[in-house]
Amino acid sequence: MHAPDLAGRTVLVTGSARGLGRGLALSLADCGAAVAIHYHTSADAADEAAAEARALGAPAVTTVRGDVTSPDAVDHIFDTVEADLGPVDVLVNNVGAFAPTHWTEIDADTWHTVLDTNLTAPFLTAKRALPGMRARSWGRIVNVGYASAEKGLVNPTNFPYFAAKQGLLMFTRMLAADTQDDGITANAVSPYVVQNSDEFPADAPRGRWATVEDIASVVRFFCDADSGYVSGENVNVDGGWLPEHV
């Protein structure tokens with residue numbers, strides 16, 4: 001898929017030291033953006049990801065540590081990125097804890113962790129990013145959802161994750177409506193299972209799991225300057241998967 005020209009833009013991908021977030025950050029670095037690699041505990045992995053971004057030709061790269069569920073930490077993250085790279089033009093909310101456990105066996109701390117990382121964190125980061133984006137009349141926010149969340153998944157296993165992801169899609173649509181006159185778009189990309197996931201169901205749609213590139217190609221589309229009329233949308237990247245519990 002066409003790679004946007006992100007020269008002169010600054011990208012922040014939350015949770016980009018490892019996994020899908022790392023792949024998304026590197027994909028946008030390859031488009032010429034300055035990239036902030038965010039992490040919470042994986043300092044060594046963040047340094048490795050930053051080195052990869054530089055090797056791809058990113059004009060500037062920084063690493064930044066912080067808990068994206070904490071308002072003060074989010075302020076620190078953005079302050080650091082702005083000081084090192086400039087204002088954030090592209091925000092990709094990738095962080096999101098998973099709890100593949102029956103809801104009756106999930107304790108309150110896990111419940112809050114799943115909801116906070118998947119829904120509170122995008123609320124905090126978007127709220128912090130928007131004033132600068134509005135001032136520059138340009139911005140891209142991409143939230144990473146979960147396939148078929150808009151259908152209201154009701155499987156009792158991992159319920160808080162599904163609830164948070166459905167809320168995230170509502171939040172995405174609200175952001176789109178609230179920024180339609182500001183040169184900003186807000187969209188979501190929703191994978192099912194990606195090749196670097198921690199757990200795999202028995203059957204893969206189309207005989208394989210999604211690649212990082214499958215997801216990154218949609219994110220790049222949303223970030224393109226030519227995609228400025230596409231906002232409030234959600235693209236399921238799931239190979240046509242239909243959940244059993246909807």
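**Packing of helices α4 and α5**

Is the crossing of α4 and α5 right-handed or left-handed? The crossing of these two helices, α4 and α5, is right-handed. The structure discussed here is a predicted model. Two packed helices are described by the angle between their axes and the distance between the axes. For helix α4 (residues 108-136) and helix α5 (residues 159-178), the angle is about 15 degrees and the axes are 8 Å apart. Angles under 35 degrees count as roughly parallel, and α4 is therefore roughly parallel to α5.

On the α4 side, the contact involves Trp111, Val114, Leu115, Asn118, Leu119, Pro122, Phe123, Ala126, Leu130 and Arg134. These residues meet Phe159, Pro160, Tyr161, Ala164, Lys165, Gly167, Leu168, Phe171, Leu175 and Asp178 in α5. By class, the residues of the contact of α4 with α5 comprise 15 nonpolar, two polar and three charged.

Helix α1 spans residues 19-29 and is mostly covered, with 10 of its 11 residues buried. The buried residues are Leu20, Gly21, Arg22, Gly23, Leu24, Ala25, Leu26, Ser27, Leu28 and Ala29.

The axes of α1 and helix α6 (residues 212-223) come within 9 Å and cross at roughly 50 degrees. The two helices, α1 and α6, are therefore oblique to each other. Where α1 passes α6, the crossing is right-handed. From α1, the contact draws on Leu20, Gly23, Leu24, Ser27 and Leu28; from α6, it draws on Val212, Ile215, Ala216, Val219, Arg220 and Cys223. The residues of the contact of α1 with α6 fall into eight nonpolar, two polar and one charged.

**Aromatic pairs around tyrosine 161**

The count of aromatic pairs comes to seven. One of them joins phenylalanine 98 and tyrosine 161 in an edge-to-face arrangement, 4.8 Å centre to centre with 75 degrees between the planes. Phenylalanine 98 lies in the loop between β4 (90-93) and α4, and tyrosine 161 lies in helix α5, so the pair ties together parts that are 63 residues apart in sequence. Phenylalanine 98 is partly exposed, with a relative accessible area of 45%, whereas tyrosine 161 counts as buried at 9% relative accessibility.

Tyrosine 161 also pairs with tyrosine 146: the ring centres are 5.4 Å apart and the planes stand at 75 degrees, so this pair is edge-to-face. Since tyrosine 146 is in the loop between β5 (139-144) and α5, while tyrosine 161 is in helix α5, the pair ties together parts that are 15 residues apart in sequence. Tyrosine 146 is buried, with a relative accessible area of 10%. Ring pairs link Phe98, Tyr146, Tyr161, Phe162 and Tyr192 into a cluster.

Which residue has a positive phi of about 65 degrees although it is not a glycine? That residue is serine 148, placed in the loop between β5 and α5. Serine 148 is buried, and its relative accessible area is 2%.

Asparagine 158, likewise not a glycine, has a positive phi of about 70 degrees. Its place is in the loop between β5 and α5. At 2% relative accessibility, asparagine 158 counts as buried.

How values were computed. Residues are numbered from 1 along each chain as its sequence is written. This is a predicted model: local features need pLDDT of at least 70, side-chain atom pairs count only at pLDDT 80 or more; totals for chains, interfaces and linings use all residues. Side-chain values use heavy atoms; hydrogens and water are left out. Axes are lines fitted to C-alpha atoms, for helices over the stretch in contact, and angles run from 0 to 180 degrees between N-to-C directions. Helices (H or I, at least four residues) and strands (E, at least two) are DSSP runs, numbered from the N terminus. Angles under 35 degrees count as roughly parallel, over 145 as roughly antiparallel, 65 to 115 as roughly perpendicular and the rest as oblique. A crossing is left-handed if the near helix is turned anticlockwise from the far one by less than a right angle, and right-handed if clockwise. Contact means heavy atoms within 4.5 Å. Ala, Val, Leu, Ile, Met, Phe, Trp, Tyr, Cys and Pro count as nonpolar, Asp, Glu, Lys and Arg as charged, and the others, Gly among them, as polar. Buried means under 20% relative accessible area, exposed over 50%, partly exposed in between (1.4 Å probe, protein chains only). Rings of Phe, Tyr and Trp (its six-membered ring) pair if their centres lie within 6.5 Å; planes under 30 degrees apart count as stacked, over 60 as edge-to-face and the rest as tilted.
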